[in-house]
Amino acid sequence: MNQQSRKVQKLSLYGSKEGNDVGVLVEAKVAIEKRNFVATGVITYVLGEIIEIELPQYDLFGLGEQVKLIIYSRSGMFVFESTIIAKHNGALMVLHPPENRRRFNDKREHPRVSVDCSGTLHTMRDPRNRQEWQMPSPVAFAVDNLSMGGLGLMLTVDLGITRTWTLDVRLDLGFSLACGLEIIRIDKSAGGFYYGASFRGLPQEQASTLRAFILKRQIESHYEQKSKLLLPESAVSEQTRTLEEQSHKGSGMHIHIASEER
């Protein structure tokens with residue numbers, strides 16, 4: 001293993017999936033086939049729906065292109081069809097389909113991504129006594145993490161919310177998403193009240209939109225971490241500024257996620 005690969009393995013999520021055995025895929029050799037072309041590479045990251053493959057010929061594959069993967073791991077060979085959803089600096093990211101993910105044990109069903117978003121609370125319900133409160137005006141809150149299963153939100157005011165309460169909220173994720181939440185965890189902090197909540201009955205269209213947002217954020221976050229880790233320490237602050245500029249101007253990272261892809 002070269003020095004760059006050793007550095008990359010220090011990423012907290014690099015080559016892991018929160019304790020499950022999908023890690024057997026990391027460092028596995030893989031053949032990527034498309035029409036009239038086969039390339040070989042090495043798997044360097046697996047988390048949720050995403051597999052990253054490093055290979056010299058990455059630029060010969062197009063975003064959205066259908067490919068066949070043949071993975072040679074220490075636990076055996078895995079063969080499945082997939083789609084290229086991102087490419088960046090010597091690596092491709094492909095979707096890890098559900099039928100193959102089910103072969104592994106999942107400690108966390110839905111990978112979580114860090115976000116810096118906001119939302120507004122419109123209705124609260126206490127299912128134990130069937131009470132409902134409409135907010136006179138929407139109450140703002142911050143969202144700091146998100147998954148397909150739920151989110152973490154912070155309120156600066158105490159509204160008396162307890163576990164099992166349900167909320168009607170509208171999230172601002174760069175697009176508006178109205179959804180229902182159920183409170184499953186509450187923590188008090190110096191900044192206010194932190195709530196862990198699960199989504200309730202997301203319609204398929206909203207779930208597909210949310211999935212695309214989470215996958216895109218997961219990919220961006222991974223490459224931000226990876227870029228910082230591989231740079232000399234003196235260049236990290238400059239790279240951070242560059243990444244911030246690229247988030248507005250576009251970057252060398254190319255991402256394609258269609259909501260219907262599986």
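Tyr72, Met77 and Val79 make a nonpolar surface patch of about 300 Å². Such patches are made of residues with over 30% relative accessible area and no salt bridge, where like charges are joined within 9 Å and nonpolar side chains (Val, Leu, Ile, Met, Phe, Trp, Tyr) within 5 Å. This is a predicted model, in which local features need pLDDT of at least 70 and side-chain atom pairs count only at pLDDT 80 or more, while totals for chains, interfaces and linings use all residues. Residues are numbered from 1 along each chain as its sequence is written, and side-chain values use heavy atoms, with hydrogens and water left out.

**The chain as a whole**

- The chain has four helices and 13 strands; helices (H or I, at least four residues) and strands (E, at least two) are DSSP runs, numbered from the N terminus.
- Of the 262 residues in the chain, 44% are buried. Buried means under 20% relative accessible area, exposed means over 50%, and partly exposed lies in between (1.4 Å probe, protein chains only).
- The accessible surface of the chain comes to about 13900 Å², and carbon and sulfur atoms hold 48% of that surface. Accessible areas come from the Shrake-Rupley method with a 1.4 Å probe, and for residues only the protein chains shown count as cover.
- Among contacts with a separation of 6 or more, 59% are between residues 24 or more positions apart. A contact means heavy atoms within 4.5 Å.

- Tyrosine 72 sits in strand β4, which covers residues 66–73.
- Tyrosine 72 is partly exposed, because its relative accessible area is 46%.

- Strand β7 (residues 113–126) pairs with strand β8 (residues 131–146) in the antiparallel sense, over 11 bridges. Two strands pair if DSSP finds at least two bridges between them.
- Valine 113 has leucine 146 in β8 as its bridge partner.
- Four residues lie between β7 and β8 in their hairpin, and arginine 130 in the turn has a positive phi of about 60°.
- Strand β8 is also joined by four bridges to strand β9 (residues 150–155), and these two run antiparallel.
- Asparagine 145 has glycine 152 in β9 as its bridge partner.
- The hairpin that joins β8 to β9 passes through three residues.
- In a regular strand the side chains alternate between the two faces of the sheet.

- Lysine 87 lies in strand β5, residues 76–88.
- Lysine 87 counts as buried because its relative accessibility is 9%.
- The side chains of aspartate 59 and lysine 87 form a salt bridge of 3.2 Å, N to O. The pair links distant parts of the chain, with aspartate 59 in the loop between β3 and β4 and lysine 87 in strand β5, 28 residues apart.
- A salt bridge is a side-chain nitrogen of Lys or Arg within 4 Å of a carboxyl oxygen of Asp or Glu.
- Aspartate 59 counts as exposed, because its relative accessibility is 53%.
- The side chains of lysine 87 and aspartate 59 are also joined by a polar contact of 3.2 Å. A polar contact is a pair of N or O atoms within 3.5 Å; within protein, one must be able to donate a hydrogen and the other to accept it, and residues adjacent in sequence count only if both atoms are side-chain atoms.
- A polar atom of the lysine 87 side chain lies 2.5 Å from the backbone oxygen of phenylalanine 61.

**Other salt bridges**

- The structure holds 12 salt bridges.
- In one of them, glutamate 52 pairs with lysine 226, and the closest N and O atoms are 3.1 Å apart. This pair links distant parts of the chain, 174 residues apart: glutamate 52 is in strand β3 (residues 50–54) and lysine 226 in helix α3 (residues 204–230).
- Glutamate 52 is buried, with a relative accessible area of 0%, and lysine 226 counts as buried at 7% relative accessibility.
- Arginine 217 forms a salt bridge with glutamate 224, whose closest N and O atoms are 3.7 Å apart.
- Glutamate 224 is partly exposed, with a relative accessible area of 27%.
- A network of salt bridges links Lys216, Arg217, Glu220 and Glu224.

**Leu63 in the β3–β4 loop**

- Leucine 63 is found in the loop between β3 and β4, and counts as partly exposed at 35% relative accessibility.
- Leucine 63 and alanine 86 are 23 residues apart in sequence, with their C-alpha atoms 6.4 Å apart in space.
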